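The tour goes from one selection to the next and says what is found at each stop.

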Amino acid sequence: MSQNGVQASVKKGVTYNTILEAAQRPTPLVPLRKLKVEHQLQSDIYVKLEYLNVAGSLEDRTADKAFQFAEEIGVVRGDEVFVTAGGSTAISYATVAAVKGIKLTIYAPKGEFALVDTVLHTLGMPTVELPVATYSEARALTEEAAQQKGAFNLNKFTTNAAFVANLQKTACEIERAVNNKSIGKVGAVVIPLNTGAPAAGIAAYYKGTGDHGVRVVGVTCKKDTIPEMGLDLKNDLLQEYGVEKREVDEEEAYSFTRHLIGTEGIMAGPSSGAAVLEAIKLAKELPAGSTIVVVLQDGIRNYLRHFLDDDWIVANKKNVVTRKDGPQPNSTYDPKVLVYDPTKLAGEWTQDPETKAWSHSEVEFNQFNPERPLVLDTVLDAIGKTPLVKLQHVPKAHGVKCNVYVKCEYLNAGGSTKDRIAKRMVEIAEKTGKPGKLVPGVTLIEPTSGNTGIGLSLASAVRGYKCIITMPKKMSKEKAIAMASLGSTIIRTPNEAGFDSPHSHIGVALRLKSEIQDAVVLDQYCNPGNPLAHYEQTAEEIIYDMGDKHIDLVVLTAGTGGTVTGISRKIHERIPTAKVVGVDPHGSILAGPAETDIDFYEVEGIGYDFLPGTLDTSAIDYWAKSHDKESFLMARELIRTEGILCGGSSGCAVHYALEECKSLNLPEDANVVVLLPDGIRNYITKFLDDDWMNERHFLDA
Ligand code: PMP
């Protein structure tokens with residue numbers, strides 16, 4: 001209580017009961033600064049990052065609302081429901097259905113599942129591709145099928161849901177930013193059109209508030225060739241609410257979206273890029289000083305084998321300029337450049353014996369700020385503040401009584417927990433010149449299993465550095481295309497090359513550094529920014545969001561060990577009774593010289609054949625050793641039963657967390673926190689794919 005007796009308002013963090021609750025968080029707005037300069041615009045364009053929604057698109061809002069409407073009239077868990085939807089929209093419906101335990105069957109016209117069938121299959125929702133070309137025909141057939149089978153047809157709610165959800169949420173979130181004076185009064189909202197119901201909902205909001213000065217501009221594609229664009233237009237609705245319509249050319253949209261990703265780090269899908277392209281044209285028509293908000297439909301996830309893949313561009317004869325080859329290492333090199341010790345952290349950590357707080361000899365710590373503003377400076381500020389979600393089904397299904405909370409790091413701007421360290425390492429180098437000076441024109445070179453590479457590619461795109469990533473062949477093509485889309489050069493190295501081989505990802509990075517002028521290896525294995533990002537941020541977020549709930553156990557996978565070291569130090573400092581468990585795969589030696597030799601395993605991003613300097617094994621209470629099969633099966637179970645669209649190492653962390661809960665016999669009121677390092681985007685052709693799983697006997701009983 002304050003002196004005058006008024007309760008001081010102390011903001012507290014939150015945990016969410018399902019991933020859908022976490023979906024209620026507003027998505028941020030980010031200004032396009034470089035494109036403003038490039039196009040000499042006198043107005044500001046902000047993009048709304050709908051791809052950071054929990055299933056990756058604006059349609060998450062619609063799907064959530066449609067099922068709410070259905071529940072209002074009596075649809076319950078276990079019911080059979082049909083819907084007509086393709087692309088990202090289908091993934092949104094399937095994710096909501098997975099969380100709610102609804103048996104959803106998804107119908108769509110021919111070809112509409114092409115980019116999403118694996119994800120829908122992993123979500124456990126059957127799809128029916130109908131032999132028709134249009135959504136109106138598909139809807140009629142869905143209705144027939146629903147009547148025959150006695151299933152509930154969700155289509156009766158989908159238009160209303162899109163309209164209402166965007167009126168209530170998307171438009172209100174934009175106006176909240178205006179009200180907070182974070183952005184100027186909005187002159188126009190630009191949004192890609194598929195059905196157009198979200199655009200109509202946003203237009204209805206402004207009409208209803210009497211704010212007729214706001215133009216709502218919907219964007220479609222000239223020949224309906226961009227995925228999910230203009231295929232299902234409700235022209236009456238657009239007319240009724242005064243939504244203007246503009247058209248873009250398909251190839252121009254692909255080229256521009258690729259440019260948008262590479263210059264601004266906005267990892268958007270092609271319909272979103274098309275909308276930004278039109279927004280730039282509109283900015284030249286509106287009075288100087290106007291504010292335009294572009295609502296992005298979805299992200300790159302569904303398009304890594306589509307317009308972002310140069311092979312696809314060539315095979316489909318699209319008029320889009322493909323990427324040029326970047327620098328490659330010379331075949332001869334001075335062996336002295338390979339003299340390097342990745343086991344030594346740069347600078348010392350010291351601990352105050354009284355307060356137990358840590359400090360670092362070379363780096364000043366950042367203060368923790370739990371708030372994320374509605375309008376960000378750059379997309380790099382959409383890193384961190386990820387939601388902590390309580391698992392509802394998986395622990396019980398595995399005989400675990402206690403509460404298990406998962407931290408959903410796939411909702412970071414670049415899609416993984418490694419975005420945090422990429423940003424922090426770049427920031428430290430910019431401030432201190434360590435381990436190298438970052439000035440415009442510098443080339444960042446980094447050996448990585450991919451996610452640090454994506455984070456650094458993102459930071460390089462935003463900050464204007466060149467970037468070369470060296471990565472073992474084992475890592476997915478999706479990761480490589482994500483990095484290439486952000487403008488980086490990717491060099492693949494043999495899986496079997498040991499870390500000290502000149503041909504390993506580390507060896508090649510060192511060779512390139514010696515060959516390229518003004519090159520810096522930030523070096524995630526030795527850079528204090530790696531554990532520090534997790535000490536300052538990730539762990540603080542966990543403690544803040546857990547609030548009054550005590551933490552008994554924290555379970556983390558380890559690769560560089562930055563995550564486990566940083567989080568463990570903070571947790572032990574603040575909650576001395578909590579235990580921190582590291583998970584290391586069989587075939588790696590992080591948990592100590594192993595009972596098994598160094599060997600191949602499939603889960604990406606974890607384990608090593610050396611002890612990185614960023615790993616402080618003394619910070620970890622004990623280790624679990626993991627297997628591929630259990631890890632992937634658990635990731636698939638989390639996707640199917642909790643709608644948590646996580647990657648393989650996330651499954652690994654959760655599986656071994658549940659094993660710990662069982663072996664410790666943790667009681668009902670115990671709380672366990674598990675970090676999920678990345679999401680499905682990186683693995684659609686890998687563990688999400690039944691064929692890939694079967695080839696490795698991971699689906700054998
Ligand atoms: N999982 C994935 C998917 C990763 O990319 C990484 C980073 N290599 C990790 C887990 C482990 O994180 P850390 O390097 O901080 O130990």
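Stop 1: The model is predicted. Select residues 23-298. The UniProt record, an unreviewed entry, places the feature "domain: Tryptophan synthase beta chain-like PALP" at residues 23-298 and 380-678. Over residues 23-298 the chain is 47% helix and 18% strand.

Stop 2: Colour β1, β2, β10, β7, β8 and β9, which is their order in an open sheet with mixed pairing. Which strands form the edges? They are β1, residues 29-31, and β9, residues 244-248, and each of them pairs on one side only. On average, neighbouring strands in this sheet are turned by 25° against each other, direction ignored.

Now zoom in on one pair from this sheet. Strand β2 (residues 44-48) runs parallel to strand β10 (residues 291-295), and 5 bridges join the two. Show the residues I45 and I292: I45 stands opposite I292, which belongs to β10.

**Stop 3: two crossing helices.** Select helix α10, residues 250-264, and helix α11, residues 270-285. Two packed helices are described by the distance between their axes and the angle between them. Here the axes come within 8 Å and cross at roughly 90°. Angles of 65 to 115 degrees count as roughly perpendicular, so α10 is roughly perpendicular to α11.

From α10 come E252, A253, Y254, F256, T257 and L260. From α11 come P270, G273, A274, V276, L277, I280 and K281. Sorted by class, the contact of α10 with α11 has 9 nonpolar, 2 polar and 2 charged residues.

**Stop 4: the sheet of 4 strands.** Move to the open sheet with the order β5-β4-β3-β6, where the pairing is parallel. Its edge strands are β5 (127-130) and β6 (152-153), each pairing on one side only. Strand β3, residues 80-84, runs parallel to β6, and 2 bridges join them. Which residue in β6 is the bridge partner of V81? It is F152.

Technical notes:
Residues numbered from 1 in each chain as written. Predicted model: local features only at pLDDT ≥ 70, side-chain atom pairs only at ≥ 80, totals over all residues. Heavy atoms only, no water. UniProt positions renumbered as here; feature names shortened; annotations may be inferred. Pairing = 2+ DSSP bridges. Axes fitted to C-alpha atoms, helices over the stretch in contact; angles between N-to-C directions. Parallel < 35°, antiparallel > 145°, perpendicular 65-115°, else oblique. Contact = heavy atoms within 4.5 Å. Nonpolar A, V, L, I, M, F, W, Y, C, P; charged D, E, K, R; others polar.
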